[in-house]
Amino acid sequence: MKVAAVAVPVLAGVASANPVDVSARQSCPEIHVFGARETTAPAGFGTSAGLVNMVTQAYPGATSEAINYPACGGQSQCGGVPYEQSAQQGTQAVVSAVTSLNQRCPNTKIVLIGYSQGGQIMDNAFCGGAGATLTGTALAAVKAAIFLGDPHNAPNLPYNVGTCRAGGFAARPSGFQCSPGSPDLIQSYCDSADPYCCNGNDANHHQQYVTIYGQQALSFIKSKLDSA
């Protein structure tokens, strides 16, 4: 009787704790995609949606989530938030969202996709140099990062893709190296016609990266996810 009296509360404690933990782990996706929109785009994925959807369609059961941040450059339609303040808030939002997901779902593989200012905040969070930065297991959970029309674009970065050979309006300094994220996990798409990630004069081109490079980006993401 004494053994039973001791054992029952211990077992009850285990029974009350385990189902919650098991349920939380069972609800975790194998792959989760974070997307961040461009300046002045309405809340959601913006133009990054095209590539986000390509990834989730390629991996049944994969989930996705838009980063919640101002995506503003001082325009009235996004609340007048200055660009640098918006990017700073966005960078912190990326770090918070990825870290939170990793804490809940430590085995979930994470993909980052950012468009324009959205690319810049993903760049900041993964490559450092501008405030909040991913660290530890949250950083390790990121298996691929795609920057589309990133204003941080600079010449000669090892992950550059496209025709641009100049820098964006917020270009990384000469000699910049991505850290703590791995450059091998990044592709950054920018063409010479783009006035935001490069020095061109065709604003329309800035919106074309999913159309032009979507399949190439998807192939890169799949190569990283499938080898992770």
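Thr-211 is exposed, its relative accessible area being 64%, where exposed means over 50%, buried under 20% and partly exposed in between, with a 1.4 Å probe and protein chains only. Thr-211 belongs to helix 6, residues 209-227, and its C-alpha lies 9.1 Å from that of Leu-51, although 160 residues separate Thr-211 and Leu-51 in sequence. The model is predicted, so local features need pLDDT of at least 70 and side-chain atom pairs count only at pLDDT 80 or more, while totals for chains, interfaces and linings use all residues. Residues are numbered from 1 along each chain as its sequence is written, and side-chain values use heavy atoms, with hydrogens and water left out.

Helices (H or I, at least four residues) and strands (E, at least two) are DSSP runs numbered from the N terminus. The axes of helix 3 (residues 83-104) and helix 4 (residues 117-127) come within 8 Å and cross at roughly 55°, these axes being lines fitted to C-alpha atoms over the stretch in contact, with angles from 0 to 180 degrees between N-to-C directions. Helix 3 is therefore oblique to helix 4, a term for angles that are not under 35 degrees (roughly parallel), over 145 (roughly antiparallel) or 65 to 115 (roughly perpendicular).

Two residues other than glycine have positive phi values: Ser-116 at about 60° and Asn-156 near 70°.
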